[in-house]
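Some words used for protein structures rest on a number and a cut-off. How does one get from the number to the word?

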Amino acid sequence: MVNVLLHPEDTPLYAVEARTIALTGVGMAALRLALNHWAVDEDASSVVAILFSLFLAPIGVYGLYIFYGEGLPLNVIIAPFHTTLSESDAVARKWGPFFSATLGGGNIFNGYIAYELGWELAVYGFSNLTNLYHHTVFLLLSGLFCLSATYAYLGVAFMIMEISTIPLKIRRLTFRKDFSKAHPLLKKVYGWSTLLFAATFVVTRIAHLALTTFLFLGWVGSGALDGHSPGPTTDKVVALLLVGAFLLQCFWFSLILRKCLPKGKRKKDGKKFN
């Protein structure tokens, strides 16, 4: 269905997806490489991430608006994907463009994560195992989401997490070791971006991801997805990876909380938390 709506010339869906992933990944890497001529690599990475998030997050917000606007019933999440649709079909007219945009956004997300993982390995190796875990789990999940339209709700739930990336990267760009030598506005932007990052992180990566994980585990456990997905094995793999992704967000949230504590209280086993 999505293939027909996206490419009526009968281009195979896997070819469309592979092309989207490759163009996105190469484009992001080329932009970061170009920015490295004017900025350090972490700042270049932040600029690329902000541009990417400004594009992807609205797709996720719109997707959730559609899903929640319909009350999130399973017949909305599942049935439209598995109905035999024609150009004149009312369901196709209502849901087709939305699901096509969601799939396109999902593969752009795949391309971005693939670029991030490739760059991390090529430049930094295995120095940051947490980042490698994050990129690997998210790439596997996003790739699986794009296998079946039944996983679209999970896909847009992941897209809105990029909202928190924007203030996080602005925080990175405005950070200075000595703010007394910087413009006063820079410190204010840093402070506000820190607060916005913490707030959006809690909403999108803790609260909403917890809800999404809870709902999906319930659907898998009740057999509601049977016949509407690649199969129960794939559903269970997605569920396992989803739990892993949520636990990683909880781990990062614990680091955020520790950073908020006074320095004298950041001790664990006689060592300060950094």
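The questions below concern a predicted model, and each answer sets a value against its cut-off.

Q: Why is threonine 204 called buried?
A: Threonine 204, which lies in helix α9 (residues 184-222), has a relative accessible area of 5%, and because buried means under 20%, the word applies to threonine 204.

Q: What makes the side chain of threonine 204 and the backbone oxygen of threonine 200 a polar contact?
A: A polar atom of the side chain of threonine 204 lies 2.7 Å from the backbone oxygen of threonine 200, and a polar contact requires the two atoms to be within 3.5 Å.

Q: Why is the pair of phenylalanine 52 and tyrosine 112 called stacked?
A: The angle between the planes is 5°, and planes under 30 degrees apart count as stacked, while the centre to centre value of 3.8 Å is within the 6.5 Å needed for a pair. Phenylalanine 52 lies in helix α3 (residues 41-69) and tyrosine 112 in helix α5 (residues 90-124), so this pair ties together parts that are 60 residues apart in sequence.

Q: How do you know whether phenylalanine 175 and tyrosine 190 are buried or partly exposed?
A: Tyrosine 190 has a relative accessible area of 16%, which is under 20% and therefore buried, whereas phenylalanine 175, with 38%, falls between 20% and 50% and is therefore partly exposed.

Methods
Residues are numbered from 1 along each chain as its sequence is written. This is a predicted model: local features need pLDDT of at least 70, side-chain atom pairs count only at pLDDT 80 or more; totals for chains, interfaces and linings use all residues. Side-chain values use heavy atoms; hydrogens and water are left out. Helices (H or I, at least four residues) and strands (E, at least two) are DSSP runs, numbered from the N terminus. Buried means under 20% relative accessible area, exposed over 50%, partly exposed in between (1.4 Å probe, protein chains only). A polar contact is a pair of N or O atoms within 3.5 Å; within protein, one must be able to donate a hydrogen and the other to accept it, and residues adjacent in sequence count only if both atoms are side-chain atoms. Rings of Phe, Tyr and Trp (its six-membered ring) pair if their centres lie within 6.5 Å; planes under 30 degrees apart count as stacked, over 60 as edge-to-face and the rest as tilted.
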